[in-house]
Amino acid sequence: MTAEPLQRIKLSRPADVVAIIPYLVGYHPERSLVAMSLRGPRRRVGLTLRLDLPPTSSCDRAIAADVGARMKHDGAHTVVLVVYDDDPAGDGEPPRTALATAVAAACGGRGLRLQDAILVRGGRWRSYLGADQRCCPPEGTLIIPAGDPGGASPVVAAAAYAGLAPLPSRQALAEVIAPVSRVRRASMEQALDRAADRLATALGAGLEPVVAESVRRLDAAVDGYADPAQPAALSDDGWADLVVRLRLVPVRDEVLGWATGPYAEALRELLLELVRRAVPPQDLVPLTVLAWVVYLQGGGTLASIALERALTRDPSYGLALILDEALARSVAPRALRRARLPLRVGRHRPAGRRRARAEGDRDAG
């Protein structure tokens, strides 16, 4: 198997799969079902789908059917299943055996082959399918942390080299986009009010010049993140100005057109800062734009977290609803990039500028 975001990395053992999943998901899963879609004769990793484990086995068949449908929709030929569960086993069987069996049946019913089903429990992994106790002992195989001797596998080393670093939990990933608090929050609230007043005054002279100036300012801010020698250094009023200008639909759509260009990483870093500074409810548009951008770049988990927050601000916001539908249907980022919908694609950024380090194509869900 070869993981698409980490070109030429071969996952030849179950231990490699267990090692790479936190890097694909973005954090170390707990009480989760993770399914990896493997496409084509070279079995390249496509969709990496993570779901919460159901509280009871009564939901197993429904979840298994959903997993099978999503894997088939992604164009999978083969599927690898990993279950994370520390609950005690019952009747001498590994926990969630019925769920693993149901997923295997659902995938088989759609013509997909289950290459392996792995249980991660108590710092060890074991295969649900392993019958040879010499390679798959009942107590499982110890997972050696990457920082310990013998734990830095080629897979982990390559992931680290590619700039990927999983966080401890989904909550830790959510905290990456947590809004500022206390004194900084009060300062940003005041700055956002002033910025909104300035924008309203500027719009009195017409929309077109305001859009052009807004794009110029956001373009300059992205350049600040792309060039380490000139880091972005804005006041609260400067950040607030970018937040309110991003609410203009032509400006928003222009920025979305930069999602996968040479400045993709710089744009993502800028949007992360805008989301943190756009205190609720002003964070609706920055959250939605961030969700679109990171999803197109392959970061499905962070996109889902940002989208959840955006829809709590406004459950009827059209752009958020379209992305929510794409996530629900497991639309691959590459397909969304080709469709370029529902956006009016903006201009290409000028050629000849310094290229930022770009993250690879990753269809992680």
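## Proline 138

Proline 138 counts as partly exposed because its relative accessibility is 43%, where buried means under 20% relative accessible area, exposed over 50%, and partly exposed in between, for a 1.4 Å probe and protein chains only. Its place is in the loop between β6 (124–127) and β7 (141–142); strands here are DSSP runs of E of at least two residues, helices are runs of H or I of at least four, and both are numbered from the N terminus. The C-alpha atoms of proline 138 and glutamate 93 are separated by 9.8 Å, although the two residues lie 45 apart along the chain.

## Basis of the values

This is a predicted model, in which local features need pLDDT of at least 70 and side-chain atom pairs count only at pLDDT 80 or more, while totals for chains, interfaces and linings use all residues. Residues are numbered from 1 along each chain as its sequence is written, and side-chain values use heavy atoms, with hydrogens and water left out.

## Helices α10 and α11

The axes of α10 and α11, which are lines fitted to C-alpha atoms over the stretch in contact, come within 9 Å and cross at roughly 155°, with angles running from 0 to 180 degrees between N-to-C directions. That angle makes α10 roughly antiparallel to α11, a label given to angles over 145 degrees, whereas those under 35 count as roughly parallel, 65 to 115 as roughly perpendicular and the rest as oblique.

On the α10 side the contact (heavy atoms within 4.5 Å) is made by Leu267, Arg268, Leu271, Leu272, Leu274 and Val275, and on the α11 side by Pro286, Leu287, Val289, Leu290, Val293 and Val294. The residues of this contact divide into 11 nonpolar, no polar and 1 charged, with Ala, Val, Leu, Ile, Met, Phe, Trp, Tyr, Cys and Pro counted as nonpolar, Asp, Glu, Lys and Arg as charged, and the others, Gly among them, as polar.

## Alanine 278

The loop between α10 (264–277) and α11 (284–296) holds alanine 278, which is buried because its relative accessible area is 0%. Leaving aside neighbours within four places in sequence, alanine 278 is in contact with Leu192, Val243, Asp283 and Pro286. Leucine 192 is 86 residues away from alanine 278 in sequence, with a C-alpha to C-alpha distance of 7.9 Å.

## Helix α9

Helix α9 (residues 249–256) is mostly covered, with 6 of its 8 residues buried. The buried residues of α9 pack against α7 (207–226), α8 (236–246), α10, α11 and α13 (318–328).
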